[in-house]
Amino acid sequence: MKAIWTFLQEFGKVLLLLVLLAGTFSYAMFQGGFVSWFLFYSFLPFGLYSLTLMLYPLGDFKVVRRIKSKELKAGSYVTVQIQLTRKVPVPLFYMIVQEHVSTDVFSTQEIGQVKKMVNPWFRRKLILEYDIPDLPRGEHTFRSVELKTGDFLGIIQKSRHLECEETILVYPAHININYQPIQARFDQGVSSSNVKFQQDTTMATGVRDYQTGDRVSWIHWKSFARTNDLKTKEFEERKSHDVSVVLDRTPTPAFEDMVVLTSSIARGVMKKGAQVGYFSQGSTVQQAPVRSGEAHQKQVNYYLAKVQGDHTGSFADVLKENATSLIRASALMIVTSRLSREMVDQVSAISKNGQAAVIFLVRHPAVTLNADDQQLKGLAASKGIIVKELNKRQFSSVFKEVKHA
């Protein structure tokens with residue numbers, strides 16, 4: 001039905017032009033004189049141009065989009081260049097070029113940057129450029145370019161979508177954080193977390209009596225040759241400060257700040273030489289194992305660039321379902337914007353073996369903890385869980401403040 005209605009509209013426009021041309025010609029023929037023929041010849045170029053434009057296909061245009069960088073950081077800007085070329089130089093009085101993007105890259109104040117009017121006339125090649133300031137985090141797909149044009153009389157109007165898909169990935173912004181290992185706290189005082197130990201087998205610090213289960217490669221053969229007693233080498237033990245960061249994907253106005261904090265923590269931990277893991281669950285599950293290195297950091301950044309606050313269930317249930325994978329690190333860090341009794345209980349259950357646990361409660365600067373939150377904060381403290389309320393201005397000193405908490 002829509003196709004039929006469109007055909008009837010186009011047919012009506014052509015019929016109107018033919019009627020106007022025939023009418024002015026008939027008036028000139030029957031009336032005669034300068035005025036009637038002047039009217040006909042004055043209207044003739046506009047009518048013929050309208051008919052020509054009706055027949056000219058906008059599909060003759062080919063579009064190429066160039067984006068200088070396809071991996072950017074939130075808050076930066078990017079320059080986009082659109083190049084239009086065609087074969088038939090039909091004169092076009094005006095043309096409106098409009099971008100179509102899959103996400104809200106453009107705010108209402110900047111809508112003019114994606115909708116530009118040009119005057120092509122006979123030109124075969126057009127180049128347009130525009131800047132997108134303050135890029136939002138996420139994956140943004142430039143799907144197509146729409147062309148619109150028309151005649152002088154406003155009777156004929158044409159539009160065409162030219163498919164030209166380009167995708168840019170905007171990573172979350174991050175703040176430099178000086179990571180400091182966190183200790184677990186209990187009612188009796190402060191306790192070192194039950195962290196894993198790694199033995200540096202390249203450096204022996206002494207010997208001890210052999211125990212069942214010791215590796216053969218650890219036996220100190222020189223001592224055995226001298227005393228005829230089996231001795232085992234003792235190695236320097238290095239405490240692991242591996243961290244698991246869990247992002248709450250429950251919808252909240254503070255979600256973007258939570259992503260910034262998560263990204264900053266991951267970078268800060270790996271910068272100190274420790275390993276970090278990342279986990280979040282919403283419509284999809286994002287999980288990066290506890291590792292370090294540049295490739296791992298890129299993987300975490302990729303997840304954080306695409307993550308959305310789209311979890312509709314209980315965050316406490318997410319922690320319960322994935323408790324096994326979260327206990328593999330020496331410290332558990334939860335990034336959220338709200339406290340609940342169920343969440344505190346689940347974090348306590350995960351860290352019951354002495355694992356250090358911190359809940360980062362991200363809030364707007366104008367929002368403070370209410371009485372219920374204060375009570376939950378005290379409950380968490382009694383279970384050895386640190387709850388740190390903070391806003392974006394405090395991210396840079398977050399671990400310094402946690403250590404003094």
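**View 1. Strand E4 pairs with strand E7 in the antiparallel sense over six bridges.** Two strands count as paired if DSSP finds at least two bridges between them; helices (H or I, at least four residues) and strands (E, at least two) are DSSP runs numbered from the N terminus. The model is predicted: local features need pLDDT of at least 70 and side-chain atom pairs count only at pLDDT 80 or more, while totals for chains, interfaces and linings use all residues. Residues are numbered from 1 along each chain as its sequence is written, and side-chain values use heavy atoms, with hydrogens and water left out.

**View 2. Six strands form an open, mixed sheet in the order E15-E14-E13-E16-E17-E18.** Strands E15 (285-291) and E18 (385-390) are at the edges with a single partner strand each, so one side of each has no neighbour in the sheet. From one strand to the next the twist averages 15 degrees (axes are lines fitted to C-alpha atoms, for helices over the stretch in contact, and angles run from 0 to 180 degrees between N-to-C directions). Within the sheet, E13 (residues 243-247) and E16 (residues 331-336) run parallel and are joined by five bridges; Val246 has Ile334 as its bridge partner in E16.

**View 3. Arg143 forms a salt bridge with Glu165.** The closest N and O atoms are 3.8 Å apart (a salt bridge is a side-chain nitrogen of Lys or Arg within 4 Å of a carboxyl oxygen of Asp or Glu). Arg143 lies in strand E7 and Glu165 in strand E8 (residues 157-171), so the pair ties together parts 22 residues apart in sequence. Arg143 is partly exposed at 40% relative accessibility, and Glu165 is exposed at 54% (buried means under 20% relative accessible area, exposed over 50%, partly exposed in between; 1.4 Å probe, protein chains only).

**View 4. Arg363 forms a salt bridge with Asp373.** Their closest N and O atoms are 2.8 Å apart. Arg363 sits in the loop between strand E17 (356-362) and helix H9 (371-382), and Asp373 in helix H9, so the pair links parts ten residues apart in sequence. Arg363 is buried, with a relative accessible area of 12%; Asp373 is buried at 9% relative accessibility.
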